[in-house]
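The stops below are given in the order in which to select them.

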Amino acid sequence: MRKLPDGRYVDETPWSDDQDLSALERSDMDAPNWVLVWRKFKRHKLGLISGIFLLLSYLMLPFAGFIAPYTPNERSAEYLYSPPQSINLWHEGSFIGPFVYPTEATADLVNYRWTYETDTSQPMPLKFFCESDSYNIFGVIPSNTHLFCAPEGATVFLWGSDRLGRDVFSRILYGAQLSLTVGLIGITVSFALGIFFGSIAGYFGGKTDWLINRVIEILRSLPELPLWLALSAAVPSNWGPVAVFFIISIILGILDWPGLARAVRSKFLSLREEEYVRAAEMMGAKPGRVIRRHLLPNFMSHLIASATLSIPAMILGETALSFLGLGLRAPAVSWGVMLNDAQNLASIEIYPWTAIPMLPIIFVVLAFNFLGDGLRASLDPYKS
Amino acid sequence: EPLVPSESSFWKSEVQNGILPPVADRLPLDPLVVDLEAKGRSFGEQGGTLRTLVSRSKDVRQMVVYGYARLVGYDHDYGLYPDILRDIEVEEGRKFTLHLRKGHRWSDGHPFTSEDFRYYWEHVALNRELNPAGPPQSMFVDGVLADVSFPDAHTVVIEWPRPNPQFLPRLAQASPLYVYRPAHYLKQFHAEFTDPKTLRRTIKKARMRSWAPLHNARDNMYKFDNPDLPTLQPWMNASGTKSSRRVFVRNPYYHRIDKRGVQLPYIDVVQMTVVGGGLIAAKANAGEVDLQARGLDFPDISILKKGETDGAGYRTLLWANGAANQIAIYPNLNFADPVWRDVIRDVRFRRALSLGIDRRMINRALYFGLAKEGGMTALAKSPLFDPANLFKWSIYYPAKANALLDEMGLTERTPAGIRRLPDGRPMEFVIETAGERQEVENALAIVTDTWREIGIKLIMRPLDRDILRNRVYSGLSMAAVWYGWDNGLPQPYTPPEYLAPTHQEFFAWPKWGQYYQTGGTVGEAPDMPAAERLMELSYGWDQTEDPERRAEIWRVMLTIHAEQQFGIGILAEAPQPIVVSERLRNVPEEAKWAWDPGAHFGIHRIDEFYYEDAFQQLTQ
Amino acid sequence: MMFIRYAIYRFITMLLTLWVVSILIFVIINLPPGDYLSNQIAELRATGQAEGVAKAEFLRTEYALDRPIWEQYLIWVGMAPGPQGWYGMIQGNFGWSFEFDRPVSEVVGDALWLTVLVNLAAVLFVYMVALPLGVIAAAKSETWVDYTAAFVGYLGLATPNFLLALMLFYYGNKYFDLPIGGLMAPEFEGAPMSWEKVKSILVHLIVPTFVIGTSGAAAMMQRLRANMLDELSKPYVETARAKGLGPSKLLAKYPLRMAFNPFVADIGNLLPAMVSGSVLVSVVLGLQTIGPSLLTALKSQDQFLAGFVLMFVALLTLIGTMISDLLLVLLDPRIRYGARGG
Amino acid sequence: MVAPLLEVRDLSIGFGSAPAVVRDVSFEVMPGETLALVGESGSGKTITCRAVLQILPATAKIHSGAITFSSAGTSCELLSQSRRQMRQIRGNRISMIFQEPMRSLSPLHRLGDQVSEVLRLHRDMPKSQAKKLVLETFERVGFPEPARVWKSYPFEMSGGMRQRAMIAMAMVAKPELLIADEPTTALDVTTQAQVLGLIKDLQKETGMAVILVTHDLGVVANMAEQVVVMNKGRVVERGPAPAVLGAPAHGYTKKLFAAAPMIPEVAAPARAEGRNDLILDLRDVSKTYTMRAGGWSKPVTITACHEVNLSLERGKTLAVVGESGSGKTTCARIALGAELPDDGGEVLFRHDPDAEVVKIHDMSLRERVCFQRQAQMVFQDPYSSLSPRMRIGQTLTEPMEIHGLGTKAERREKAAEMLRWVGLDPSMLARYPHAFSGGQRQRLSIARALTLDPVLLVCDEPTSALDVSVQEQILCLLENIRDRMGLSYLFISHDLAVVARIADEVAVMRQGVVVEQAPPDTLFYNPRHPYTRALIAAQPEPDVNRPIDLKLVAIGAGKPSTWPEAFRFEGVAAPALTEVEPGHKVRCHG
Ligand SMILES: Nc1ncnc2c1ncn2[C@@H]1O[C@H](COP(=O)(O)OP(=O)(O)OP(=O)(O)O)[C@@H](O)[C@H]1O
Ligand SMILES: Nc1ncnc2c1ncn2[C@@H]1O[C@H](COP(=O)(O)OP(=O)(O)OP(=O)(O)O)[C@@H](O)[C@H]1O
Ligand SMILES: [Mg+2]
Ligand SMILES: [Mg+2]
């Protein structure tokens, strides 16, 4: 800066007409959108961790049988309601690798429960890559190698065993196969329908809106409860529980869309008046395009949040349904089924480990939530 | 020696105010004097409030069941004795002379006489408007209606041309046949007794359409939901229907007294609260009940025991269930699918199924080994019990089961090792359940494993109770799970009809049962030799009066069932937890928990239970 | 003017819809095979209670259950005379409950206001908890406040209602002496309102409200948060900030109102969803709402009772949707209900 | 010596890790003084102003610098104030007029509510008194019907009206420092004069200081005591206005001033006539709106334009000028079929001299698609017309995608090319709309409209937010395309100099009707209508020595009822448009 005699200041740095200081890296310009989003997402630590957790959980599904020491319906008749066992490394001060102490159950006929005594004098090392009951990898390839199994004469119930002596840990792993997949189908159906009908109602308005709204109203005022009851009688009896639940969750999805549709509709009714929507239309954008490219992204946060919120509902849907004789049932294993077994005071007070399936549900749900939040944040244009 | 009955403190003020006559005038001239010592029970004092829970509001009728005042009722040894009746004479098993107690009164003080029987018979049972379908089936024997006469105020004669062995058991049921009504009360709703104008006003006030539904609505001896309806039960309904807590107070005119002259029931008030079924265990655990069995299951025992040690002030007794079997599988012989039906009708198949069940394992896993493993037959307490029947085809023996199935020619198997039906379908045996009991599910989970070893895939399908029933009745379900016969303690005089294909409620032969029950209009006639034989035997039992012969018939029928495995029993006499207040006395330590005969607490006579330190209550 | 016209139009549509719904409801409750009385008769036979059979048969003709289904419908609605003349819902008669053996109106009477009470409590809980928490979570997004709120919310969501209730009851009773089940101490039922009764109701409401409310609260909180986050960086919020508005007022007045749009759309669903969502909760918690009556009615096909309750819920839904549509117009002036491009 | 009211020292602000966009900016504002901030579009003016109020975008970081605000003997450092203290300053002592009025107003709240909020917040005024004051302010910023504005929602207002509402909001609390970020871009010159007059009045009244961001050198000349010139994030020159304006010292300043357009002193030769090949023809177009407000009372209708007849010849430019709120945008939207005219109005379009006439107000689907390729619009409010969740790259390629033109790579290339045309860097393709400056967004809007190579372009104030040098560049671009490809423009502007330069025909609108229409040379040298005359007189010139009398100009033509007999009218009952000489039509009686 130089001060001129007439009191003004003039910049002295050399100035030329064409030079831009706001130039970003070139790579940004050609990178497709998802790369940019991914770059942003990577910075959302919690979202990233959640995403990895979920990824691992889903990757684990085909190999659940391998990781689990037991098969889901394998009963250890002598070990009912066994409390969780710990895996130890040191015995009397010396390291001998992962091992368990054998336990023995006695029926306490005064208090009517099983009591367990641990024999701490006898460390029994776990077996690794051992052969035991067979299961299917990916549901097709039979195998009987397990990552680890209980040593001869002892058990390895990491998270205890249930009423029939089944390993809670193994069942949770197997349960994930259903809980993490079947319910999602319902969500997908309900979201697809909800978004589709909601957007055309909201965007087109007028008669379309009227019609869709009446359908929504009617669907919503129709009670679900009697429908379930009717259904439980109508499903063919030789269908397995999984098939029944599969159908049910699809129907659940079909019945579930109106709520979302109305939210979408109302938001779109207001969004469609935005100037940029007009601009897109004036450029000749077809309704589908306007909805997909201009309206939906502006409602993405709500959708993502709603989706993460539906997940626990879907995982737990069975527990509510099983009151009505629908939902998953043994021998199918899912977290809902396990919790259903645990819905009594004894499980809370005396055998709390039977309620452990709550933990994976909470973890998965939170993970989905944080993943969703990370996604939302990385789609948020205002965040760098 | 003449008894001097003592006045209860509960009604004392009423008596003093002249609202009620003194107790001596309230009792029948010849009250039923209970011999407590003979039963090994102690004398008690009047007073106290008994709290108990039910899960549905219509369960108020449990008070009629628990109260168990019947014309004739079972004793704790399952013999039938007059109760409300002073005496009953039976001639040739077909003529029943009922003697009422003189001076016996309804709970509102109106005399209880043969007039009440006449009113029922002539103006209710035979009234076409009240009973468009005519008098109840129990009043017919082989299609012939009873002839009822009323020689005097305290005598009623009911007779048929042929013996009716079921009549007395019907009167003694948990849900009995009521052949009498409080005429003086009900007449005001009856068109033949009340002038149309008054009646119309009453109908209007009750928001009814005509007198018949009004009469029907007021006349609920069993439902017990009308506080105005006079009763003969130990406690009478004293609450409106609005509240979830129903209060029952002692019937001042109850006909039973103890030897010391204390009018029963000992307990003044029963409070029955409607709560969610899932909360009963929690409430019991918190010490909020004095006597509870309904809504408690075996798995609740551990938490109940815990409450007990935590000092909630109760004891948990374990009674044995009185049903013939706790969990029984009924393959449907009338199943609609012809291929399956043929397989199911093959006795080897049913035997194989039974042999493929590891009952010990189920017992251990579900009941700490406390139940009795075995097929469905009479329980050990019954004179008709035969251990051979219990174990016939009911030992875990998979090799034998496999052999039987192979012998049937079901040797084809799917890659997964499931046998194939003759038409090539895999044998997926679908068992439908009412979805109400976790034990059933768990037991079937275990059965699933052992059946897989014999090449049969079990698919369990929980349904709603009504839906299950409808499906079974219409032949749509392949097999169902239910309890065994309600009556696991048959006596030779117990009619064995429930062992013969006369009831659709026995899920193995719904259609045959319908056929019999509807006189051939619906259903199918039994067409299996064993079933036909059972039918004959049952008929033969009806035809004889001879206890020996009857016992013989019983034994044959039980043997046929054991051989045929129509209902595949798993275990019996599972412990039923009974929560009893620490202060409650005269509750048997060991007993049967059964619906019929038994009426749950009924035959254990709650009216003889008393509180150790009953604080005296005044009428509210 | 325009608004009133719209409101009237909306009301008429609602009535029409209600009519269609009534048909569907009737069909649905008659969908399962059999009817109450045949089930009843079966049950009576199964338990050997031959006594009641005759009475059940009597009721069948009395209530026209032996007629074809469309005729039953017309009689039920009151568009055709039944055995006892014109006696349907239009005439203000809701029919007879076989299960409870009383007129439906009597069965449902008390339960109705308790239902409304429980659900209002739950709705209030949802709003009182979710609204501030959602806004705070958005304003303080990605801080511990946000994460804790999410965690607690999802904890409630991920625990099956019944288990949650059982736990709350058990420990609540053990440590805080909370009552187990019910909506008031039974001695107050049917008793006139008194301070004691109110207290009893409030104490009993704690667990149910919490159980019914948690899932709703978590859902609302998270979605509100997401919507708020969308709005927070819009320029109009900056303008408001440039005016010097305090944070709470600013959030409440500007972005919250914008973010509220989807929730207003959902008002219609709020009550009915809670009513039907609370059915199972009510059943397991033993609340004296219409939930348990509905479930028993449905299971036993007590058709008039089920029909009435369902119609009631449907009416709530329809009124709710109507209100939400009207509110939407008031809330967002940009919304026009015309067709596109007009 | 008096301490400066606001002192900005060495302020540097950047976004993320990118190099700073504002670098070492220093200036000071004396109490009661007006400081004009001028400079290139995108040079960091807005960011600097926002930094004063501490309302920077979340991603902006202040690298260094200090901002000291001193008044009433105390001085505070704004950058280190707590939020609570900051709230006491915002709106109360310093208030700001934002550049983009539409987006900066809440769409769900009535204007009255939004404006009076400041008073309720800081002046602790009862409702009724606040309302009175607000209505008064509305009147002073040139709203003819303040009561209507009070209960209107922002989307019911024209661009200029929103801007005036924004101005009212900032000034109603009479702050000590007013930061006005291009406050008059959307205003016609008479209204602009009125607003500037108001600012001056307030300054006199309360000693308010003003930071005026503007690119209109005429306004600078008329208002400012001090001038700060910014370029590429740096202050290149600052000093007293006469000095800077009189003899710019820095290279950029010189360049900038040289580019200032003016209504040419002599009539430019009229361009060749090409008769009767109308590409667009608006016939008797009227439009009435019903106000959303007032749910219960009788609906209020507003006539946005009334029986407007405009015809645009192929390859020509028809400029529409006129009062803010006179229905220009409405006409433009109707011309493009975005809005339907009231019954009776017709809009005809012929994309090719030989083609069939298309009725825009009644198109089939196929015609619509076809038409939308050929006719494009540059929106008055570029910010709202850009989808906030679409990167600019997507926004620019979208029109081509819609019409299936080119491959992906070609589309990207074209988008980049377009950016270059409007003077922006292709590296900005990955940014979102909010990350641009006002002028940059306006250029994006132009770029988007051009991607489809339309034959008709409706420009609604396309250069209002651009500094003169960039404006020059854009105008050249537009002229270029017109001459090369025979593009036709419907050009709406307030800047008469721009109009004079680009238009072949000018229509002057006032209160929904066209009051005068003629080729620019005729119009500018022989204006007949009192309103046109007022307009021309109100055009400020970038010469400190020739200030316009804001008071006088603001009165402008006054209300139609006060006009000379020949032109006077009430409501919409205007006299007919009569041709006073060939090609020159004036709305007057006989
Ligand atoms: N959120 C953002 N992220 C990144 N860059 C931004 C953001 N906002 C503004 N910029 C850049 O900062 C620079 C300065 O912007 P600013 O809005 O201050 O310009 P301006 O001088 O007001 O221009 P105009 O006259 O066009 O309004 C511009 O180059 C712009 O692209
Ligand atoms: N959606 C609407 N609802 C109600 N009134 C409207 C609407 N849009 C515009 N108006 C009114 O129509 C009139 C003309 O508006 P228009 O936008 O055409 O003005 P303009 O000439 O473009 O003004 P400016 O130069 O300020 O942008 C204004 O009074 C405005 O308030
Ligand atoms: Mg700017
Ligand atoms: Mg405009």
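This is a predicted model. Start in chain B by selecting helix α19 (residues 529-543) and helix α20 (residues 547-564), whose axes come within 9 Å and cross at roughly 165 degrees. Angles over 145 degrees count as roughly antiparallel, and α19(B) and α20(B) are therefore roughly antiparallel to each other. Their crossing is left-handed.

Next, show the side chains between the two helices. From α19(B), select B:A530, B:R533, B:L534, B:L537, B:S538, B:G540 and B:W541; they meet B:R550, B:I553, B:W554, B:V556, B:M557, B:I560, B:H561 and B:Q564 of α20(B). Sorted by class, this contact of α19(B) with α20(B) consists of nine nonpolar, four polar and two charged residues.

Stay in chain B and go to B:L264 and B:P265. The peptide bond joining them is cis, with omega at about -10 degrees. B:P265 sits in the loop between β13 (256-258) and β14 (269-274) of chain B.

Now display chain D together with chain A. Their contact takes 61 residues from chain D and 50 residues from chain A. About 5000 Å² is buried between the two chains, and carbon and sulfur atoms give 53% of that area. Six salt bridges are found across this interface. To see a salt bridge between these chains, select D:R333 and A:E275, whose side chains meet at 3.1 Å, N to O.

The last stop is A:E92, in the loop between β3 (88-91) and β4 (94-100) of chain A. What is phi of A:E92? Phi is near 45 degrees, a positive value in a residue other than glycine.

Terms used
Residues numbered from 1 in each chain as written. Chains lettered and ligands numbered in written order. Predicted model: local features only at pLDDT ≥ 70, side-chain atom pairs only at ≥ 80, totals over all residues. Heavy atoms only, no water. Axes fitted to C-alpha atoms, helices over the stretch in contact; angles between N-to-C directions. Helix = DSSP H or I, 4+ residues; strand = E, 2+ residues; numbered from the N terminus. Parallel < 35°, antiparallel > 145°, perpendicular 65-115°, else oblique. Left-handed = near helix turned anticlockwise from the far one by under 90°. Contact = heavy atoms within 4.5 Å. Nonpolar A, V, L, I, M, F, W, Y, C, P; charged D, E, K, R; others polar. Buried area = accessible area lost by both parts, 1.4 Å probe. Salt bridge = Lys/Arg side-chain N within 4 Å of Asp/Glu carboxyl O.
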